[in-house]
Amino acid sequence: MTSKSDERHFELSINGNRHRVTDSYPGESLLTVLRDRLGLTGSKGACEEGECGSCSVLLDGNLVCSCLVLAASVTNCSVVTVEGLGGSTDVQTAFVESGAIQCGFCSPGLIMAATNLLERTPEPTVDEIREGLAGNLCRCTGYGRIIDAVQVVVQQRKNGRS
Amino acid sequence: MPVAHPRSIGELTELLDEESHTVLLAGGTDFMVGLNHGSTRLAPDDLIVDLRLVAELSTVEVDYQQQVLRLGAGVRWDDLLTAPIAEIAPCLSQAARTVGSHQIRTAGTIGGNLATASPAGDGVCALVALDATLVLTSSRGQRTVAVSEFAIAPKKNVLERDEFIERVDIPITEGWQGYSKIGTRNAMVISVAGVAVVLSSESNTCRIALGSVGPTVILSTEASQFAGTTINWEIASITSADLETVVEMTRASATPIDDHRSTAAYRKHAVGVLTKRLIEQGLTTLRKSL
Amino acid sequence: MSDLDIRESVINGGLGQSPVRPDGVAKAEGSYEFSSDLSADNMLIGKTLRSPHQHARIIRIDTSDASAMTGVHRIITAEDVPGKATYGLIASDQPVFASDVVRYIGEPVAAVVADDEEICSRALEAIVVEYEPLTPLIDARLALDTDTPPIHPDGNVIREQNVICGDTTVIGDIVVEDHYTIGMQDQAFLGLESALAIPDADGAGVECHVATQWLHEDLGQVAACLDLPESSVRLVLGGVGGAFGGREDISLQVHVCLLALATGRPVKMHYSRSESFLGHVHRHPAQIWMRHHATKEGKLVKVEAEFVFDGGAYASTSSAVLVNAVTHAQGPYRCENAEVRGVAVRTNNLPCGAMRGFGVVQACFAHERQMDLLAHACGLDPIEIRRRNAMSTGDKLITGQVVESVAPVLQIIEGLERMPFPDDGNDVETHPYHRPGGAGNTTRASDVRRGVGYGVAIKNLMYSEAFDDYSTARCTLRDGVVTLKFATAEVGQGFITIAPQIARTTLGLEDVALESIDTGVGSAGSTSASRQTWMSGGAVEAACLKVRQLIFEHVASSTGSDPFALVIEGDSIVNTATGERQLMSEVVKGLEFDEEVEFRHRPTVPLDENGQGACHTAFAFVGHRAIVDVDVELGLVRVVEVSTVQDVGRALNPLSVTGQIEGGIAQGLGLALMEEIVQQDGRIMNPSFTDYLIPTIADMPPVVAELIEIPDPQAPMGAKGVGEPPTISSTPAIIAAIQDAVNQFGAGRSHLTRVPIRPSDITEALNSTRRD
């Protein structure tokens, strides 16, 4: 059966919780709804066209730019944002400790992307890290410490610490 | 202003038949940019039809009997990177790998890329070279259109209001194929110039398609035919003089413009170089398997 | 004092270590509040109406339809600015809203405040502005023409500054010259402009939370425009998502405060990416001519140069940027004679101002390309020409200023020479990122030429030309906890990491807290000019030293010891006369001190008309070696590696220094290869991240960095600023490396003179030869 959802009032499943969205404008992105309607400001917006990756979230386990997702179209999906990671995953800790964070605006998106990359490719080569994170712009770090952070996680997981 | 989630081709067809103001959502990586920036605005009576749950649209079918690979229009870039597509249509797979980032390849679909009708569409360029055909469906039935005939101008295609792209049929052929694209950085870039070359050692033909050098993706017909007839298929070789002619014909078929991404002159130069390299690379590979 | 403690005293998180950022965890978990994340109850949204014309007279503004729209609260224009109608960092020449004339596409004309963003957008569309187009001044060179009508009451020339020294009639045995072009670069910080203004309950004042580089400068400018005393305006640093110079000028600060005061409700403004390109200043595009004279042995004898900087419609910091360019024209090389002419002009293009490297980026690109030309003409390699001319401490600059800073230029050059080459000669990697063209799969191994190039730079630190440059910090000791208060804008660089490190090492106490960064304390100056480690670091150190002195005096008087015999070692206080030591955390129990310090660097002087004078405070030096693979036929480049040797004085936090170096090189690489705001008739053709390209992780090569740590006697803690140098000479090093690759197709190929270099510049160089 074709299901139809109202585009202004709908429910989303985010980080395991159902959230009611009301009075959304037609065409609002998932990013806008997360930030402006639900107060989940961990996902950042820096381009609103899928170029910077700051708004990366997991949609049914897939990494997407939430700015390119029509919010009202994903009522039947499970969304995980940076807030859903819990705050102290090994990826997050490695980013903090490796110097991968400066201004930090790109960090939530990069952490989502790195988390997803390591799920898909548990032991990525440097090239695979680069290809996996190419959709996340960082203007501060020059990426060196970001690659380092991902490699730290890989090493820790191999050593059984996570 | 609801969002509809049809789950089958039947439901989708019916919906498009009944509703008059429909907007198809096929991944959203292009469509949402317009909405976010205000260049696209939805009318109050628009019905958004999200194609994501239409089961048939995400199928991949390899039919060796008919020698055809059938891709549902909802197949995502990410799905094109792996077998069987990477083996049967490697130039499509290579094109998919150049599209945006992992985030974009996870969401974007081949049908969306086609419908957007951009001359820079990486997938479109590969599909034109592959001589792929689209199956367009509506309640009035199905029709087929060559991918090379589908886009008629930037952002304009031949889809009727109640029609949708159901699938892409790609002929399976022995031979070699490749896609190359120029951008001014090493990832995440819109094509400044792109070339797809398909060499069929079954039919002894060559098809050369060019992206970003005209209002739509261009099939370099003359260059393709000349290459097809001047390549010595038995030894997989072409004389350098003939190859140079192919390159010149390719350049002649391009009608690029100057814009903020590059110049017309560079684009013409680039499609020639890429065509030459792809044909050389293809013939070298074919020679090894002789 | 307690018994002698023989263990080695250390302080966790002190100087020289790399403790993690205090805001790191919050940033990683997404709970850190950037200015764009702020909200308040009852909050409204503001948006700016901008000029669609490059140059036009405003005939009429009709806001009646827009004002009548449901959800629209107020629309303001120039008429609604109660105080000063203009603002500006050096000259107050930029209108809060254009009233009579608009001078660039994107200039603010009005602002609307409404219930939400969507209503704002619709209201902006409903505002009618009637313009009479005027002839735009597009070409910076035309601005110099006396026949060109002035586009601003202050005239078209923002500043002319020459530097003339020595014997300008000298002619070298060898003379090389060329014209260089630098495109307009954007800071492209990820966190877009955003602010939240909250009016006081009585409407007599306002509090503005804003992402800025300089709270007190904003305060002064905002209060003047609002016609409020500075005591009625409070600025609080909102979380800053990068800055790089682009937040030194006012953008939305005045507008958002005006809207909040007009409505009596909290108002938030937040730019989109495309608006951001219009809303802040950019790196100046520059036209530079240089002629270098040398002896046959390659000794520099004279530098001639002409700089034309396009400042755009308003002055911003153009005059200071120009001074940096003309005073750095010689580069880090000895030169006794110079004739350097420079001008920064006004045009109807986008306003330009501060960006990391501030005028020196442009000068360095030209002088380093010239050094390579000179090397070639003298038959020397690029290292040797630089070695023969390297300046050192005590040398006199073309401004007559003596370099008092540690100047390890020779060590830098020789360090670069010693750097091993990457061992990837047999690189059989099939991943497309290992070839020029990257993911595009364009290039075969046989299409690639490898090139190597060098760049070396000198960069002034802190503000120049007699500017009263100071920073304020307060150190409070209570309950064993050190609390620091300063207004230093943390923009990502990590001052909030090193400030506690300074306190820990100075006081021997681990527990350091930071107060909110706001205007509740004296100015810290700007987070720019590589100055905060020196200036605010110096202020924090000085405040902590004052507290330490009070502690010493207390200890001395209560134990009868000599206060001058007391020192801090790690976490302990040590009496050097007796060898007694005690944990500082024990010593300070019950003690309370509170000290505030204004820290100044030594005075500087303005340049005279011939550009003479000790106008700069101090200098840092850096060198880069770039290794590139070039697909010359297609003009595509892959940077394989960038090595650098940088004079840092002392690395107070080595991990932060690494971060500045790698991040700075990424921006230098961006300018070299891809970053340019392309304007056509004043309109930005690429105002998005789809078309304004900044380096991705796939573009950025590994960086090999060697630090020269010679503590500078003039610098607090010996540490020089490290932020700008990485951006400066990395750009010419990359271009030189590309040139090296192109030259492998035969000597005499065209000299590469433009950044960003475009693929077509490379393919054209391959097919053309140099004139001289």
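## Two domains of chain B

The C-alpha centres of domain 1 and domain 2 of chain B lie 24 Å apart. Domain 1 of chain B covers 3-51 + 58-171 and domain 2 covers 175-288, the bounds coming from an automatic or database domain assignment. This is a predicted model, in which local features need pLDDT of at least 70 and side-chain atom pairs count only at pLDDT 80 or more, while totals for chains, interfaces and linings use all residues. Residues are numbered from 1 along each chain as its sequence is written, chains are lettered from A and ligands numbered from 1 in the order in which they are written, and side-chain values use heavy atoms, with hydrogens and water left out.

## The interface within chain B

Domain 1 and domain 2 of chain B bury about 1800 Å² between them; buried area is the accessible area (1.4 Å probe) that two parts lose on being put together, summed over both. Pro119(B), Cys125(B) and Ala129(B) supply 30% of the area that domain 1 of chain B buries against domain 2.

Two salt bridges cross this interface, a salt bridge being a side-chain nitrogen of Lys or Arg within 4 Å of a carboxyl oxygen of Asp or Glu. Asp131(B) forms a salt bridge with Arg207(B), with the closest N and O atoms 3.4 Å apart.

## The interface of chains C and A

Between chain C and chain A, about 4000 Å² is buried, and carbon and sulfur atoms give 58% of that area. In chain C, Ala28(C), Leu190(C) and Ile697(C) lose the most area to chain A.

Four salt bridges are counted between chain C and chain A. Arg35(A) forms a salt bridge with Asp37(C), where the closest N and O atoms are 2.8 Å apart.
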